[in-house]
Amino acid sequence: MADDWPDPFAEDEAARERERRRAEREARRQERRRALADKVRSEREAAPPEPSPPRTERIDPATEPAASPATPAPAARPTLGATVPPRLAAVRRRRIVGLVVVVAALGLGAFGVAKLADRLSTDDSAPAETAAAKTFSVTIPEGFDRRQIAEVAKKAGVEGDYLRASKRARGFDPARYGAEDPDSLEGFLFPATYELRRNSKADALVARQLDAFRDRIRGIDTGYARSKNLTAYDVVIIASMIEREVQVPEERPLVAAVIYNRLSQGMPLQIDATVRFATGNFDQPVTESELATDSPYNTYTHSGLPPGPIGNPGEDSLKAAAKPANENYLFYVVKPGTCGEHVFTANEAEFNQAVEEYRQAQEEAGGSPTEC
């Protein structure tokens, strides 16, 4: 089946080739700009110094002769760029003349000359706005779903409706990864820290996240998952569960192994994180009534994978979901006295014993028996 399954990343080869050619063109343009900058620098260094303006002596108002009323001073004639000091204006004129020659030699054309001349004619004395004032950062934690990301984005200053923007995005087709008409872009909104321009809209953040997802998923080998008849979208779904369940990074491939083994045996996954996604309960203990929630995302009452991702996984979880550990584990439960470590086993009796130890520790602690 693996050989017949269409590779969703086959088109990326052409994209990488286009990117390589674009990078080469950009490198040539950068080289021309450097040559141009060197020429301008040499023109400035070779230019003779401007003559100093006549010295103006200070005149005491008490001894200054009064102006004759019969000969009023002529009105000043407005001139273009009158605020630029004469010496600075002369230097800029020499720069621009030199640039015309250099740019023409480089073949950049009239547009290039006009663009560079415009930059040089800018008043050097004007204060430049710092880069920090022009941008702001948004940090999206790994595993957050769209609802949580929307809150983070709003607090960071992103304008617009993030939930609306992350429903669909022009130029991004989830079907390419095996998603059949998903409700949203959940799972594809890559978590990272993004630098955005001031007053950026939610659409801009979503576009950056989708670009980051394309970049990361391109480098992940999904061959093993495809051998198990899983699509790239299935890998994203599994990764989203791993992201929510795991606190110890080394356990990601182990949790992935449990998911794969249960799927192969037709067992319900019984993952609390899917129930939390269905109920919106992310920080309180899961109740018995929540475990009975009627939702396709409830992996206690429904076998197989949930219909979509329950969050947006990072790169490490995607890698683990694509290639799980070679273990026969079917169960895992939190180990008391640790910060999220789990006991893994393939034996149901051992699992029940670990569950009982957890419950006893929970009763003794009067709450969570973990130490985080």
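A contact is a pair of residues with heavy atoms within 4.5 Å. In this predicted model, 66% of the contacts between residues at least 6 apart in sequence join residues at least 24 apart. The protein chain holds 14 helices and 4 strands. It has 372 residues, of which 35% count as buried. The chain exposes about 23000 Å². Carbon and sulfur atoms supply 51% of that area.

Arg-276 lies in helix 11, which spans residues 272-279. Its relative accessibility is 21%. Buried means under 20% and exposed means over 50%, so a residue in between is partly exposed. Arg-276 therefore counts as partly exposed. Beyond residues up to four places away in sequence, Arg-276 touches Asn-281, Phe-282, Asp-283, Gln-284, Pro-285 and Val-286. Ile-310 is 34 residues from Arg-276 along the chain. The C-alpha atoms of Arg-276 and Ile-310 are separated by 9.0 Å.

Glu-363 has a relative accessibility of 67%. The cut-off for exposed is over 50%, and Glu-363 therefore counts as exposed. Glu-363 also belongs to a negative surface patch. The patch is formed by Glu-363 together with Glu-356, Glu-357 and Glu-364.

Definitions and conventions: Residues numbered from 1 in each chain as written. Predicted model: local features only at pLDDT ≥ 70, side-chain atom pairs only at ≥ 80, totals over all residues. Heavy atoms only, no water. Patch = residues over 30% accessible without salt bridge, like charges linked within 9 Å, V, L, I, M, F, W, Y side chains within 5 Å. Areas by Shrake-Rupley, 256 points an atom, 1.4 Å probe, with all protein chains shown as cover. Salt bridge = Lys/Arg side-chain N within 4 Å of Asp/Glu carboxyl O. Lys, Arg positive; Asp, Glu negative; His and termini not counted. Charge placed at Lys NZ, Arg CZ, Asp CG, Glu CD. Buried < 20%, exposed > 50% of the residue type's maximum accessible area, 1.4 Å probe, protein only. Helix = DSSP H or I, 4+ residues; strand = E, 2+ residues; numbered from the N terminus.
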